Amino acid sequence: MKVLVAVKRVVDYNVKIRVKSDNTGVETANVKMSMNPFDEIAVEEAVRLKEAGTASEVVAVSLGVKQCQETLRTALAMGADRAILVETEAELQPLAVAKLLKEVVAKESPDMVLLGKQAIDDDANQTGQMLAALMGWAQGTFASKITLADGKAEVVREVDGGLETVSVNLPLVATTDLRLNEPRYASLPNIMKAKKKPLDTLTPDELGVDVAPRLTTLKVEEPPVRQAGIKVPDVATLIDKLKTEAKVI
Amino acid sequence: MDDSLIPRRELDFLLFDLLEVERLAERPRHADHGRDTIAAMLDTAEALARDHFAPHNRKADEAEPRLENGRVVTIPEVGAALRRFSEAGFMAAVGDAEWGGLQVPYSVNLAINALFSAANISTMTYAFLTQAAANLISVFGSQAQKETWLPPLLAGDFFGTMALTEPQAGSSLADLRTRAEPQEDGSYRLFGAKIFISGGEHELARNIVHLVLARLPDAPPGVKGISLFLVPRFLPGPDGAPGEKNDIALAGLIHKMGYRGTTSTLLNFGEAEGATGWLVGEAGQGLAAMFHMMNESRVIVGNGAAALGHAGYRQSLAYARERAQGRPPGAKDPATPQVPILRHADVKRMLLAQKAYAEGALALTLYCGRLIDDEHTADDAPARAEARRLLDILTPIAKSWPSQWCLEGNNLAIQVLGGYGYTRDYPVEQTWRDNRLNPIHEGTHGIQAQDLLGRKVRQEDGAAFALLCDRIEATIAASRDTPPLASHAGALENILVRVRATTAGLLAAMAGGRAETALGHASVYLEALGHVVVAWLWLKQARVAQAGLDAAPAAAEHAFLTGKLAACHHFFAWELPRVGPWLDGLAVLDGTWASLPEDCF
Ligand SMILES: Cc1cc2nc3c(=O)[nH]c(=O)nc-3n(C[C@H](O)[C@H](O)[C@H](O)COP(=O)(O)OP(=O)(O)OC[C@H]3O[C@@H](n4cnc5c(N)ncnc54)[C@H](O)[C@@H]3O)c2cc1C
């Protein structure tokens, strides 16, 4: 079977985010960018399927600016076989990404699409679900375990109350949660090999997708600074304050 | 973000903007290592250093290796981190492709090592010893030795050591006594006691490959009688796998003030029938071989010291941003909030000094790394010879300058934290303790100084010294017309004239019967020339930074480059002026140190 993995280039999770002074977004100039951590998990899962002999080919896809090539090289260094960049300077919102992915899926005909459950920059948690809806495919979101057998997938999902296990038909869109696996580090020999793996470029125009944003960002602000805590003398005072001041109980 | 990691922008600045390492990909050996590949390798190094080296730095310091039933026990995190390091291919980074190496440029590997060293230098030491042992075997080993030992060393399956020091032979290697007796099968049996051997015993690898200096029975006394032997902890069985234990006994572990995660051992070779070993290279050439590698090892020691300088700088900078204390001068109203101590000029002074030391030191060691690359792969023989010459004279400086001044930087890091810096709740005291080793091992500060003044400055009629001066002058000439840097260029030019005169004076004194007095001042000379070299490299960095600023970069980049220029300015304002009085003293060559009788102390 063939697996398609979508990977997004985001501000590295170790970078302290700064809001632009004009409140239009966050500072990304000269900021370290990396693969979205949930997508690393998706790549790892796909590569493990390949190593187990379940998948025959792993194709990584990224959408966005030219530099997304670096993110794709990381996916290739982790073990993906080839990569596709849908290159555009335009701002891409989840719906546009889902529509673009739908066209890539139409070209590639994978049996499964793996995505991170969300990206750490916008935390939207929408692309996987939208893609499944557009394709009319089954979906297994927030996966902490994926087992494939007999044209079906058993997906263990992380839900609020605990774990939910669903059985779904292939083809499938699955989104990954943190506990699915521990992604590998790209090793030096694999980084060198990745350079020689194919990376193709498409454009939204070629795919016939209108990527115009549907949402308008009004303002981006720093979260409010946390107030310093206070020490209370005893539990009774604590409970009293929780009732009367914080009004949470 | 982990406080002690060297920021990526800094490494990129040195590797790509200053040293243009991506151009090494034009050479066949490094054809696979363009900028994007190097960037991806640094990504992996950064992630591994953060996730698997930094987290146990403190724990390894607190839980020194110990002996249990005759076996060395280390905390499990050390072995786990090194396994990941090897699996990711870092152990094989600079090795030849023929043996499983990746042929990464030396300069890039030094930057990678600096990243890991800033995170956890004592775990990194096992890796550096292994890389160095592999390098030595790949240059001097026989074909059979390479086949047997290089693949497992480069895979990180076996680890290496350098076993030189003996109780009566520390600085004075000419006095070492370990004997090697030839056997009929071409092997040797070694007998002797070695001390301070780092990584000399542990269970972190399937085998330990000791590279041991020893004497053949008929060897002449002194350094000419020293040969190099490969002596494994376990002898290879018929299938090549580690088999029978060799006759090497762990006589004890040494308890140290820093680098406590690295085992330091007393090893007895040949308590019974003799430890089996094999000659590496030619008989009598042991020290020469060791010194060939020692040049590289010495740069690595300086590189580690620079990395610890960065660690202390980062740790104290993070603290200074958070710690609120006092108010700006003039703001006496106690109702106003206190300001972060980073607001105080005196704290900025201590941080900028650390920055100038740490970034100056790393520029120096990576510059030497670039020379090592040129020595091996520059286009033609004259270019290689020139790189070799410059490297020869810069090596004692690259070892000693970072060891001295980044330690001073770590001292300032403690000061920035005030009382908290003196507690074991903050990392700066460990950083200082770790760095305290670097002026001592791989040849003490004093021994480096003698190497510089007694050998390197004199060799080939002063060719290396002249070449270094030419390089410095070229940078001065190029900077004379760049307005913000012209005054620095002028200051450096003035001091360089004096350095030349002082050097000539010292050489004349040595030739004229005052060798002991002159060499007695070698440390001062080392420090003076070291400051001049680092000032030169700061001027080079400032030229790159100025060019970047002229291109009107975005805010974060603007701040980074402005910081570079400020550190350069600090160095020229407060460090370079120290050189004048040192040169004054070297001109006088006062005889007190050399002549004071011992009973006057
Ligand atoms: C933590 C640690 C790890 C080490 N790891 C290794 C290792 O892996 N392998 C190994 O072989 N060794 C290792 N060493 C040994 C190290 O290289 C020696 O300690 C060092 O070379 C100095 O030798 P020494 O300790 O005998 O000091 P000495 O040689 O006794 O020196 C003491 C002082 O006298 C000065 N001095 C000595 N001779 C002269 C002279 N001729 N002129 C002027 N001044 C002089 C020195 O500069 C120094 O200040 C390690 C040491 C330490 C502390």
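Which side chains meet in a salt bridge at 3.3 Å, N to O? They are those of A:K196 and B:D32, a salt bridge being a side-chain nitrogen of Lys or Arg within 4 Å of a carboxyl oxygen of Asp or Glu. The model is a predicted one, in which local features need pLDDT of at least 70 and side-chain atom pairs count only at pLDDT 80 or more, while totals for chains, interfaces and linings use all residues. Residues are numbered from 1 along each chain as its sequence is written, chains are lettered from A and ligands numbered from 1 in the order in which they are written, and side-chain values use heavy atoms, with hydrogens and water left out.

A:Y185, A:L188 and A:M192 supply 37% of the area that chain A buries against chain B, more than any other three residues.

Charged and polar groups also meet here. The rule finds three salt bridges across the interface of chain A and chain B. Seven residue pairs, both at pLDDT 80 or more, are in polar contact between the two chains. A polar contact is a pair of N or O atoms within 3.5 Å; within protein, one must be able to donate a hydrogen and the other to accept it, and residues adjacent in sequence count only if both atoms are side-chain atoms.

Within chain A, the UniProt annotation "domain: Sigma-54 factor interaction" (unreviewed entry) covers residues 58-242. This span is 29% helix and 30% strand, and its end C-alpha atoms lie 53 Å apart; helices (H or I, at least four residues) and strands (E, at least two) are DSSP runs, numbered from the N terminus. Over all chains the count comes to 55 salt bridges. One of chain A's links joins the side chains of A:D121 and A:K8 at 3.1 Å, N to O, in a salt bridge. A:D121 lies in the loop between strand 6 (112-116) and helix 4 (127-135) and A:K8 in the loop between strand 1 (2-6) and strand 2 (9-11), so the pair ties together parts that are 113 residues apart in sequence.

A:D123, in the loop between strand 6 and helix 4, has a positive phi of about 50° although it is not a glycine. A cis peptide bond, with omega about -5°, joins A:L170 and A:P171, and A:P171 lies in the loop between strand 9 (162-169) and strand 10 (172-176). Most residues other than glycine have a negative phi, and most peptide bonds are trans.

Turning to the ligand, 16 residues surround it, the closest being B:M162, B:T165, B:S171, B:F196 and B:T444, with a cut-off of one heavy atom within 4 Å. A polar side-chain atom of B:T165 lies 2.6 Å from a nitrogen atom of the ligand, and one of B:S198 lies 2.8 Å from a ligand nitrogen atom.

In chain B, UniProt lists "domain: Acetyl-CoA dehydrogenase-like C-terminal" (unreviewed entry) for residues 469-592. That span is 85% helix and 0% strand.

Methods: Buried area = accessible area lost by both parts, 1.4 Å probe. UniProt positions renumbered as here; feature names shortened; annotations may be inferred.
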